[in-house]
Structure formats: C-alpha cells, structure tokens
Amino acid sequence: MTGLAGSGKSALSRELARALGAAVLDKDAMVTPLTELVLSAHGEDPQQRESSTFYLERVFPAEYRGLMAVAADSLRVGTPVVIDAPFFAYLADPDYLSRAQQEAGWPTTVHTVVLWLSAPPEVLRSRMRERSLARDRWKLDNWDAYWREAATMTCTWRGATVIEVNSAAQPPGRVPLAVLEAVRRV
C-alpha cells in the first residue's frame, strides 16, 4: 500500500489485512520512535524528516531495509502481509521492489500487488490538517514546494501488479470490491 501522505494508506491497509487475514506492517508505527531517537541523537529535529539530509541519506534507507526484512520473515512462515508505507524515494526506480525483495530474502513464490493510492491535492492537504501529525508539519508549511514534487510521483515498479485507487472516491478505510477481488486472484 503506497501513496502520498493523507492518501488513506493506513485505513485501507487495516481493512485489506482484515479482509485477507494478513499482517499489517505500518512503517510509521514500526520505526517512528527509533527514528525520532536517532534524529535527536544526531542533533536533528525528529519531526522534520523531509528537510533532513541525514534522515534521507542514512535513516530512511535503513527504515525500508528493516520493513522489507520483517515482511520476509512473515512471508517465509506463510503469513501474507500488507505493507503500509509511502516509499516516496523509491517509486521512480522500476527495479526497486524486486531488488529490495531479493535483498530481504522474500520467497520467490510471492506475487506482489501494489495499491497506489491517489487523491486530489485539496483532499490530501485537508486530511493532513485533520490528523494534525507533527511529521506532516513541513509538508503543510511548505505546501507549494511539497506538492510540486509530490504531484509528479507515481509507482513505476516492475515485477508486481500495480493497481491505482482513487482514495477520495471511496468511503474512508473501505477497500473497493474490484480491488479486493483482484488481490485475491493473485
């Protein structure tokens, strides 16, 4: 499950996992306390990730390596997983997903379905304001700069079924039936 901040990844991830009997691996829940500690220990503002070179170059890649490793552990024992993470720095790399899966030791029999959540900018901005998370502060304070980059993002990954879902057209947290059926077919 990937998409921009406010696209509904967490709500949809929980609903999809419930429907599939899968584990939810929410990157923010898994790594935020440790990430904030590491950033603070290095004299960085723990809430300003997007503006921190240290975070983007050192911490961010480690977060995703750990996330993919935890997913591999679950998959190796036969537990399906729903990963809830933005993957923003990796979306433009068509080979990222297959390379990350291989490096983490995912079983080769796993077929990956990527749900790319999208929504109009005013919906994303409104949702970020409503949830009022410290990690969204930079995005909201620098909306024009953030949106210039965010508007160009799309998932280019090969080796997976990629399904785009307009989350603004769905009730919050509801998995569209066509999406659920497509995921179950895999």
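Helix α8 (residues 177-185) has V179, L180, A182 and V183 as its buried residues, where buried means under 20% relative accessible area, exposed over 50%, and partly exposed in between, with a 1.4 Å probe and protein chains only. Viewed down the axis of α8, these buried residues fall within an arc of 160°, so they line one face of the helix; the arc is that of the directions from the helix axis to the C-beta atoms. The model is predicted, so local features need pLDDT of at least 70 and side-chain atom pairs count only at pLDDT 80 or more, while totals for chains, interfaces and linings use all residues. Residues are numbered from 1 along each chain as its sequence is written, and side-chain values use heavy atoms, with hydrogens and water left out.

**Helix α8: surroundings**

- The buried residues of α8 pack against α1 (9-20), β4 (113-118) and β5; contact means heavy atoms within 4.5 Å.
- Helices (H or I, at least four residues) and strands (E, at least two) are DSSP runs, numbered from the N terminus.
- Exposed residues L177, A178, R184 and R185 sit on the face of α8 turned away from its buried side.

- W143, Y146 and A150 are the residues named as buried in α7.
- Down the axis of α7, the buried residues fall within an arc of 70°, so they line one face of the helix.
- An α-helix has 3.6 residues a turn, so residues three or four places apart point the same way.
- On the face of α7 turned away from the buried side are the exposed residues D144 and R148.
- The packing partners of the buried α7 residues are α5 and α6 (137-141).

**Crossing of α5 and α7**

- The axes of α5 (residues 121-131) and α7 (residues 143-150) come within 12 Å and cross at roughly 125°; axes are lines fitted to C-alpha atoms, for helices over the stretch in contact, and angles run from 0 to 180 degrees between N-to-C directions.
- α5 and α7 are therefore oblique to each other; angles under 35 degrees count as roughly parallel, over 145 as roughly antiparallel, 65 to 115 as roughly perpendicular and the rest as oblique.
- The crossing of α5 past α7 is right-handed, a term for the near helix being turned clockwise from the far one by less than a right angle, with anticlockwise being left-handed.
- P121, L124, R125 and M128 of α5 meet W143, Y146 and W147 of α7.
- This contact of α5 with α7 has six nonpolar, no polar and one charged residues; Ala, Val, Leu, Ile, Met, Phe, Trp, Tyr, Cys and Pro count as nonpolar, Asp, Glu, Lys and Arg as charged, and the others, Gly among them, as polar.

**Crossing of α3 and α4**

- Helix α3 (residues 53-76) and helix α4 (residues 96-104) have axes that come within 9 Å and cross at roughly 65°.
- That makes α3 roughly perpendicular to α4, and their crossing is right-handed.
- The contact involves Y64, M68, A69, A72 and R76 of α3 with Y96, L97, A100, Q101 and A104 of α4.
- By class, the α3 contact with α4 divides into eight nonpolar, one polar and one charged residues.

**Buried loop residues**

- C155 lies in the loop between α7 and β5 (161-166) and is buried, at a relative accessible area of 12%.
- Apart from neighbours within four places in sequence, C155 is in contact with L91, V114, W116 and V162.
- C155 and G3 are 152 residues apart in sequence, yet 8.5 Å apart in space, C-alpha to C-alpha.
- R49, in the loop between α2 (27-41) and α3, counts as buried at 6% relative accessibility.
- Not counting residues up to four places away in sequence, R49 touches D28, T32, T35, E36, L39, Y55, L56 and R135.
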